[in-house]
Amino acid sequence: MKTIKTILLSSLIALAMGTFSTAVLAEASEGRISYSPEDAIDMVLGEIKKAQDAIAAGKSSDEVYKIIKQGMDYSKEVNANDVVDRARAKANDILKKARSAAKEGDVKKASEFLPPAAKAFADLKPLI
């Protein structure tokens, strides 16, 4: 009888946790736009391309910094699984180096980091 009570109580607790789990009920809050991981990767690649075009056009380092920062913000939406998240973190590190270089005013150095960052983010798509 004691074993049955323990099993029954454990089952009820597990059922209650599954029913009222915040992950089950999670959704985007009002006013927040959620993107699929593939769309977010495309947006990051688009911002990297914009940054490369801005550097080629001779834009200021502040403008390049803002474009790269926007790309980094989009990269936060890439969240498919742990493997993708680790690869995204590595790709984001490259993008951070480009952002830091742009912040310091060295757009030439920033332009050196953008192609590897684009390749790293493009390599995320097969992992999804």
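Author: Asparagine 92 is buried, because its relative accessible area of 9% falls under the 20% limit for that class. The model is a predicted one, and the values here are computed from it. Asparagine 92 lies in helix 5, which covers residues 82-103. Leaving aside residues up to four places away in sequence, asparagine 92 touches Met72, Ser75 and Phe121.

Phe121 leads on to another part of the chain. This residue belongs to helix 6 and is among those that meet helix 3. Helix 6 spans residues 107-122, and its axis comes within 10 Å of the axis of helix 3. The two axes cross at roughly 155 degrees. Angles over 145 degrees count as roughly antiparallel, and helix 3 and helix 6 are therefore roughly antiparallel to each other. The crossing in which helix 3 passes helix 6 is left-handed.

The residues on each side of this contact can be named. Helix 3 contributes Ile41, Val44, Leu45, Ile48, Ala51, Gln52 and Ile55. On the side of helix 6 they meet Val107, Ala110, Ser111, Leu114, Pro115, Ala117, Ala118, Phe121 and Ala122. Sorted by class, the contact has 14 nonpolar and 2 polar residues, with no charged ones.

Is aspartate 53 buried, partly exposed or exposed? Aspartate 53 counts as partly exposed, because its relative accessibility is 42%, and that class lies between 20% and 50%. Asparagine 92, by its 9%, is buried. Computed along the sequence, aspartate 53 is 11 residues from valine 64; in space, their C-alpha atoms are 9.4 Å apart.

The setting for these details is a chain with 6 helices and 0 strands. From the N terminus on, its elements run α-α-α-α-α-α. Of the 128 residues in the chain, 24% are buried, and asparagine 92 is one of the buried residues. Among contacts with a separation of 6 or more, 72% are between residues 24 or more positions apart. The chain exposes about 8,500 Å², of which carbon and sulfur atoms supply 57%.

Note on methods. Residues are numbered from 1 along each chain as its sequence is written. This is a predicted model: local features need pLDDT of at least 70, side-chain atom pairs count only at pLDDT 80 or more; totals for chains, interfaces and linings use all residues. Side-chain values use heavy atoms; hydrogens and water are left out. Buried means under 20% relative accessible area, exposed over 50%, partly exposed in between (1.4 Å probe, protein chains only). Helices (H or I, at least four residues) and strands (E, at least two) are DSSP runs, numbered from the N terminus. Contact means heavy atoms within 4.5 Å. Accessible areas come from the Shrake-Rupley method with a 1.4 Å probe; for residues, only the protein chains shown count as cover. Axes are lines fitted to C-alpha atoms, for helices over the stretch in contact, and angles run from 0 to 180 degrees between N-to-C directions. Angles under 35 degrees count as roughly parallel, over 145 as roughly antiparallel, 65 to 115 as roughly perpendicular and the rest as oblique. A crossing is left-handed if the near helix is turned anticlockwise from the far one by less than a right angle, and right-handed if clockwise. Ala, Val, Leu, Ile, Met, Phe, Trp, Tyr, Cys and Pro count as nonpolar, Asp, Glu, Lys and Arg as charged, and the others, Gly among them, as polar.
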